[in-house]
Amino acid sequence: MAKLYELLANNVAWADRVKADDPHFFERLSKTQAPEYLWIGCADSRVPANEIIGLLPGEVFVHRNIANLVVHTDFNCMSVLEYAVEVLKVKHVLVVGHYGCGGIRAALDGTHHGLIDNWLYNIKNLYYRNKYRMDSIDSEDERLNFLCELNVMQQVKNVAHTHVVQRAWERGQPLNIHGWIYSLRDGLAKDLGVSIQSPEELADEFRVVNGLKDG
Ligand SMILES: [Zn+2]
């Protein structure tokens, strides 16, 4: 394992390499950021946002938590989303889960883990709502990975159901929300084909902006 002084030495070497490539990179970046993407991913150390999609600092705004959940009462995630959409005006929100997610595994193992159980309760609910489909899968790993995919699909909807996103659409701001899943085994991310880019794609019950207007 690297020692802390080695990390700082790594940092110096990295900054030197970037400057050698582009002498004004940091000067330019320090003045503004204009990323087109918001990444909402798992906190798992094996799923780093920038590296996976080959983007430089400044090109992707990042929020990560255990099991890449978008919970409407989570002020952290909601604040990130609001800033990304309303100030940075990102064009795409990428919800990126990963197979073999430890958070999702922990939600299903029936044991007490501490504070995180409250967070993982969201996943237990998701499992319960899909119990019939889930229980038809024999392999435990496959069942877990299926829930990893279902979780991404649900979080894409959770993003789309926020006031922030629906107000953006109402203003005519282009905003597309995507669901991806990443494989730790081969380093490849896959689009789950559940993108949402307009309020017409939502169930009426979740179209909050129309509700606000009527009120
Ligand atoms: Zn994870």
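Where does Ala 34 lie? Select it: Ala 34 sits in the loop between helix H2 (25-31) and S1. Helices (H or I, at least four residues) and strands (E, at least two) are DSSP runs, numbered from the N terminus. You are looking at a predicted model, where local features need pLDDT of at least 70, side-chain atom pairs count only at pLDDT 80 or more, and totals for chains, interfaces and linings use all residues. Residues are numbered from 1 along each chain as its sequence is written.

**Stop 1: Ala 34**

Is Ala 34 buried or exposed? Ala 34 is exposed, because 10 other C-beta atoms lie within 10 Å. The cut-offs are 20 or more such atoms for buried, 12 or fewer for exposed, and partly exposed in between, with C-beta atoms placed from the backbone. Ala 34 and Leu 88 are 54 residues apart in sequence, yet 6.1 Å apart in space, C-alpha to C-alpha.

**Stop 2: the sheet**

Select the five strands. They form an open sheet in the order S2-S1-S3-S4-S5, with mixed pairing. Strand S2 (60-65) and strand S5 (189-191) stand at the edges with a single partner strand each, so one side of each has no neighbour in the sheet. Two strands pair if DSSP finds at least two bridges between them. Strands of a sheet pair through backbone hydrogen bonds, either parallel or antiparallel.

Zoom in on S1 (residues 37-42) and S3 (residues 92-98). These strands pair in the parallel sense over five bridges. Start at Tyr 37: its bridge partner in S3 is His 92.

**Stop 3: the core**

Select Leu 38, Val 93, Leu 94, Val 95 and Val 159. Of the 41 residues in the largest nonpolar core, these touch the most other members. Such a core is a set of buried Ala, Val, Leu, Ile, Met, Phe, Trp, Tyr and Cys residues joined through C-beta atoms within 7 Å. H8 gives the most to this core, with seven residues.

**Stop 4: helix H6**

Select residues 116-129. Helix H6 has 14 residues and reaches 20 Å from its first C-alpha to its last, close to the 20 Å expected at 1.5 Å a residue. That expected span is 1.5 Å times one less than the number of residues. Which residues of H6 are buried? They are Leu 120, Asn 122, Ile 123 and Leu 126. These buried residues pack against helix H5 (102-108) and helix H8 (140-160). Contact here means C-beta atoms, placed from the backbone, within 7 Å.

Terms used
Two residues are in contact if their C-beta atoms, placed from the backbone, lie within 7 Å.
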